[in-house]
Amino acid sequence: MDSDGGTGGGPDMAGPVCTPEGAFNGMPVTAPAGQWTWIGVPEALCRNGSATGFGIRMNPASDKLMIFLQGGGACFNLTTCTANANNFGSAEFTAWQLASGKAGIFDPTNAANPAKDYNAIFIPYCTGDVHSGSATSSDVPGLLSPKKQAFVGYANIGHFLKRIVPTFPNVKQVLLTGSSAGGFGALVNYHRVAQAFCPRETVLIDDSAPPFSDMYLAPCLQQRWRTTWNL
């Protein structure tokens with residue numbers, strides 16, 4: 001469709017416009033095929049300031065890639081932050097891969113799983129900002145100690161893409177997905193991932209995280225999220 005609403009020849013007929021943010025020039029990941037491997041990314045942080053990374057399970061025979069963002073609530077006051085994970089490293093990844101890493105959309109033995117043969121990326125959730133914040137030191141109302149948190153989920157995605165994109169130069173389709181907080185994160189970060197892999201097809205599946213109107217999500221809470229996380 002043309003920019004003026006028509007379907008004749010126009011800008012879109014030439015194909016997608018690729019304008020990714022920055023260069024994805026990190027070191028490509030090397031990992032054994034068919035098994036989960038933890039990749040530490042020192043620049044990526046959890047909300048307590050500790051370093052984090054991502055998990056990868058490679059299938060050299062596949063030209064498809066799934067990027068999954070983990071869920072887990074949000075951190076914006078004492079109650080929610082107490083219930084929300086604030087760190088995720090290799091030890092937490094080992095526990096995850098032995099359970100969730102073999103189930104559901106990650107199960108390579110289930111014939112009904114449409115992603116069973118995909119290359120898979122698991123992005124953990126330890127920033128409390130639905131993978132959408134960009135605040136290196138933000139004060140949380142009501143939080144006693146430490147009050148300052150690193151809400152850098154959005155920034156982390158950028159750090160991860162610098163390693164992920166050069167690792168998969170030949171994929172033809174990318175699936176970006178996540179559940180709950182990961183669903184919100186997938187929605188917010190979709191344009192970045194799509195541009196990073198452009199002109200290759202990028203599909204979004206947002207599980208359990210629809211955007212809410214003011215009727216269902218109080219404007220004052222929306223504003224707190226924007227301010228605390230620097231959305």
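**Figure 1. Three disulfides hold this view together as a theme.** The structure holds 3 disulfides, each a pair of cysteine sulfur atoms within 2.5 Å. This is a predicted model, in which local features need pLDDT of at least 70 and side-chain atom pairs count only at pLDDT 80 or more, while totals for chains, interfaces and linings use all residues. Residues are numbered from 1 along each chain as its sequence is written, and side-chain values use heavy atoms, leaving out hydrogens and water. With the bonded cysteines numbered in sequence order, the pairing reads 1-6, 2-5, 3-4.

**Figure 2. Cysteine 18 meets cysteine 198.** Here the S to S distance is 2.1 Å. The torsion about the S-S bond is about -70°, so this disulfide is left-handed. Cysteine 18 is partly exposed at 35% relative accessible area, whereas cysteine 198 is buried at 15% (buried means under 20%, exposed over 50%, partly exposed in between, with a 1.4 Å probe and protein chains only).

**Figure 3. Cysteine 75 pairs with cysteine 81.** Their sulfur atoms sit 1.9 Å apart. A torsion of about 85° about the S-S bond makes this disulfide right-handed. Cysteine 75 is buried at 0% relative accessibility, and cysteine 81 is buried at 5%. Look also for cysteine 220, which is in no disulfide; its nearest cysteine sulfur, that of cysteine 81, is 16 Å away.

Figure 4. Helix 2 covers residues 90–98, and its buried residues are Phe93, Trp96 and Gln97 (helices are DSSP runs of H or I, at least four residues, and strands are runs of E, at least two, numbered from the N terminus). Seen down the axis, these residues fall within an arc of 90°, so they line one face of the helix; the arc is that of the directions from the helix axis to the C-beta atoms. The face turned away from the buried side carries the exposed residues Ala91 and Leu98.

**Figure 5. Proline 211 lies in a loop.** You can find proline 211 between strand 8 (201–207) and helix 5. Proline 211 counts as exposed, at 65% relative accessibility. Leaving aside neighbours within four places in sequence, proline 211 is in contact with Phe184 and Leu187, where contact means heavy atoms within 4.5 Å. Proline 211 and phenylalanine 184 are 27 residues apart in sequence, yet 7.9 Å apart in space, C-alpha to C-alpha.
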